[in-house]
Amino acid sequence: MKKVAFAFLAMCCALFLAGCNEKNRGQTVQSAEPIGDEKVAPTKSLSSTLMISSGWTLCRENEDGTMSSAKETAIGDVVSVVWENESIVRKTADWKFQNGTRTKNVDWLLVSCDGEEYWTRDLFLASDGKGEHVFRAVTIEDARVYSAADEMTMTKEVIEEGTNVAVMKTNVGGNYFAEIKLYNGKPFGRSVYVSQFDFSDSKLDAEYYAVSAKIEALQKDMKDEVGEEMAQLLSLIDELRKSMARI
C-alpha cells in the first residue's frame, strides 16, 4: 500500500510542476534585412508574462476563422506574448464553444506556450510582459489585500493560503508590500497589494500546496488507509519545507 501512496504522490507532483515554462523573454525569433526592393520581413519577438486566470484560456483558430479552446492553464503559468515590429499581434474573432454557442467579436492576442502558438485574451494575462520581471508565488498565509502599499488601505478581501499569485513588484514604496495582479475581467487584471511575508516563490512551497489540493480533491475516492498514508507523506513534505525556510 505504501508503494501505491508514494507513486500517487509522485504523479501529483509531476502534474503540478509541469506548466508553460517559457524562458525566452525578449528573444528575437525572426528578422530579415531588405534586399533591393524586397519587403522587410517583420521582426518577431517574445516577452514573458503570467496567467491570472485558470481554465481553457488558450485557443486555436478554426478553419472558419473562429477560436476554440485548445489548452488549459492555471494561475501563475508562464506564457510569452508575441510581438511583430514592436506591436502585439492581435485579431478579432468569435469564440466558439463545444455546445455550439459563441461569443462574438472577441479581441485576441498571440502568445507562445511550450514552444507552440495560441490565441488568448489580454484579460487572462498579468501584463504584456515588456519591461517587467513578473514571477509566480504561492500564499503561505491568508493574505490580507491592500488597495495601496500602505497599512491604512487594508480591505476586507483576503487571498486564501495556498493560492497562486502573479507578483509584479516587491518592496513597493520602500515598504514590505508587493504588487500582485488579480483577474477582474479587464485587460491585464487589477493591481492590489499584500505583505510580501504572506507569500513564497519557493518551488517546495508551491509543490506542497499543489499536492495538498490534489489529495484533497481525490480524498473522497480513496480508501481510508491510503488517505492516512497520503496525509502522513504530506506532513513530511510540510516539515521539510518549513525546515528549509529556517536555513
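1. In this predicted model, strand β5 (residues 78-84) runs antiparallel to strand β8 (residues 102-113), and 2 bridges join them. Ser80 has Ser112 in β8 as its bridge partner.

2. Strand β8 also pairs with strand β7 (residues 90-96), again antiparallel, through 6 bridges. Here Lys91 is the bridge partner of Trp108 in β8. The hairpin of β7 and β8 has 5 residues between the strands, and in it Gly100 takes a positive phi near 95 degrees.

3. A further antiparallel pairing, over 5 bridges, is that of β8 with strand β9 (residues 116-120). Leu110 stands opposite Trp119 of β9. With 2 residues between the strands, the hairpin of β8 and β9 includes Asp114, whose positive phi is near 55 degrees.

4. Which residues does Asp122 touch, leaving aside those up to four places away in sequence? They are Arg90, Leu109, Pro187 and Phe188. With Arg90 there is a side-chain polar contact of 3.4 Å. Asp122 lies in the loop between β9 and β10 (135-139). Its relative accessible area is 14%, under the 20% cut-off, so Asp122 counts as buried.

5. There are 7 aromatic pairs in the structure. One of them is edge-to-face, because the ring centres of Trp95 and Phe124 are 6.4 Å apart and the planes stand at 75 degrees. Trp95 belongs to strand β7 and Phe124 to the loop between β9 and β10, so this pair ties together parts 29 residues apart in sequence. Both Trp95 and Phe124 are buried.

6. Tyr176 and Phe197 form a tilted pair, since their ring centres are 5.3 Å apart and their planes are at 40 degrees. Tyr176 sits in the loop between β13 (164-169) and β14 (177-182), while Phe197 sits in the loop between β15 (190-195) and β16 (199-200), 21 residues apart. Tyr176 counts as exposed at 54% relative accessibility, and Phe197 is exposed with a relative accessible area of 56%.

7. Ring pairs also link a cluster made of Trp95, Phe97, Trp108, Phe124 and Tyr183. Elsewhere, the charged end of Lys130 sits over the ring of Trp83, 4.6 Å from the ring centre.

8. On confidence, the chain has a mean pLDDT of 83, with 81% of its residues at 70 or more. The pLDDT is below 50 over residues 1-9, a stretch with 17 contacts in the model beyond near neighbours in sequence. Residues 11-35 also have pLDDT below 50, with 55 contacts in the model beyond near neighbours in sequence.

Key: Residues numbered from 1 in each chain as written. Predicted model: local features only at pLDDT ≥ 70, side-chain atom pairs only at ≥ 80, totals over all residues. Heavy atoms only, no water. Pairing = 2+ DSSP bridges. Helix = DSSP H or I, 4+ residues; strand = E, 2+ residues; numbered from the N terminus. pLDDT = per-residue confidence, 0-100. Contact = heavy atoms within 4.5 Å. Buried < 20%, exposed > 50% of the residue type's maximum accessible area, 1.4 Å probe, protein only. Polar contact = N/O pair within 3.5 Å; in protein donor to acceptor, adjacent residues only side chain to side chain. Phe/Tyr/Trp six-rings, centres within 6.5 Å; stacked < 30°, edge-to-face > 60°. Lys NZ or Arg CZ within 6 Å of the ring centre and 35° of its normal.
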